Each structure stands twice: as C-alpha cells, then as structure tokens.
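Please open the structure in the viewer and keep the selection panel at hand.

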Amino acid sequence: MVAIIMGSESDLPIMQKAADALSELDVSFEMTIVSAHRTPERMFQFARTAHERGVRVIVAGAGGAAHLPGMVAALSPLPVVGVPIKSSNSIDGWDSILSILQMPEGVPVATVALNAARNAGILAAQMLATSDAALLERIQAYKKRLEAHVLEKAARLEGGSPPNNNG
Ligand code: RP5
C-alpha cells in the first residue's frame, strides 16, 4: 500500500522510522533505494508504475540537493510525502528542507520536518485510513496511546497517580 523510497542507503537509519510506524499500524509497505541523480531511469520507471502495482502513497526521503520527492511527485499520480534528511552532503539540513518543500504550484509534496520519517509513515497511514475504517480505528488507538504516555509523564512529574481522561 505504501512505497518507502530513499536516495541512498545512507538515508536508511532515518527512513526506517517510517517503516516502523507503518508496521505498528499494520500497514503493508515496500522499501527500496531510488536515486534521482544516480539512477534517474529507475526513478522514472518507479514513479510511472507504482500506482499500477497497488501502491497508494509514496514516502520519499532524500538529503542535500533532495530532488527525489519532487521528481517522483512530478511523474506519479499518487500523493508523495517528502522527508528532508540531514545527510553527509547537507550544509545544515535547510538545503534538504527547501529542495523538498518549495515545490511549484500544481505539483505538491507533503513535506514533514527534518528527519521526521516517523511522521511521514503516520501521515501515509492516515491518508490510507480515509478509505479504511479498520485502519482509522488503529490510528485512533495510536493517538490514545500518545495521550496516555503524556498523561503518565505529567502524573509522574506532579508526584501523583495518573489523572483520568475525563477532564
Ligand atoms: C542524496 O544524497 C541521498 O538521499 C543522501 O541523503 C545523500 C548522500 O548520499 P550518499 O553519498 O550517502 O550515497 O541523494
């Protein structure tokens, strides 16, 4: 359902977080390396055919001159979630962010924060959940767990027992 692609194997420690989020939400995914600069023909092939293979959302991460998410968005009819990565060829990460974020009108890339591949995975799952009631429920449960973690920590900090959730 989701294709996770990255410009280099060096992006994997970050992009693995998207895979982990999708696994937690029980969303099927494939993951591979597609480089806009080093394997441009592979990128064309991937982007032009992903929707025919059953992929519904593409999560694309890249660093430095990060053209992969934008080029894939140009070629594919699928929604693309872009992950800017602070890589070895990044100046400070802004290069990756702006390369992915500042797309021209007509070709959107839903850009998450620097290195925020986990959020990209969650966002991809939320897109799929708009037409999948069971997945929507799993996302609601995930949000409840997030809330419970914060409430637990707040209670610990305050030295009391966890507050209930009724306000
Ligand atoms: C980008 O260049 C990749 O997405 C990666 O973030 C960065 C560095 O790639 P390597 O030189 O580590 O392969 O295209």
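Which residues of helix H4 (residues 94–101) are buried? In this predicted model, select Ser96, Ile97 and Ile100, the buried residues of H4. Now look down the axis of H4: these buried residues fall within an arc of 100°, so they line one face of the helix. An α-helix has 3.6 residues a turn, so residues three or four places apart point the same way.

Next, display the partners of that face. The buried residues of H4 pack against strand E3 (57–63), helix H3 (68–75), strand E4 (80–85) and strand E5 (110–111). Keep H3 selected: H3 lies across E1, E3 and E4 and runs at about 150° to E3.

Turn now to the sheet. Its 5 strands follow the order E2-E1-E3-E4-E5, with parallel pairing, and the sheet is open. Strand E2 (29–33) and E5 are the edge strands, each pairing on one side only. Select strand E1 (residues 2–6) together with E2: the two pair in the parallel sense over 5 bridges. Within this pair, Ile5 stands opposite Thr32 in E2.

Finally, select helix H1 (residues 12–24) and helix H5 (residues 117–129). Their axes come within 7 Å and cross at roughly 35°, and H1 passes H5 in a right-handed crossing. On the H1 side, the contact is made by Ile14, Met15, Lys17, Ala18, Ala21, Leu22 and Glu24; on the H5 side, Ala117, Arg118, Gly121, Ile122 and Ala125 take part. The residues of this contact comprise 8 nonpolar, 1 polar and 3 charged.

Key. Residues are numbered from 1 along each chain as its sequence is written. This is a predicted model: local features need pLDDT of at least 70, side-chain atom pairs count only at pLDDT 80 or more; totals for chains, interfaces and linings use all residues. Side-chain values use heavy atoms; hydrogens and water are left out. Axes are lines fitted to C-alpha atoms, for helices over the stretch in contact, and angles run from 0 to 180 degrees between N-to-C directions. Helices (H or I, at least four residues) and strands (E, at least two) are DSSP runs, numbered from the N terminus. A crossing is left-handed if the near helix is turned anticlockwise from the far one by less than a right angle, and right-handed if clockwise. Contact means heavy atoms within 4.5 Å. Ala, Val, Leu, Ile, Met, Phe, Trp, Tyr, Cys and Pro count as nonpolar, Asp, Glu, Lys and Arg as charged, and the others, Gly among them, as polar. Buried means under 20% relative accessible area, exposed over 50%, partly exposed in between (1.4 Å probe, protein chains only). The arc is that of the directions from the helix axis to the C-beta atoms. Two strands pair if DSSP finds at least two bridges between them.
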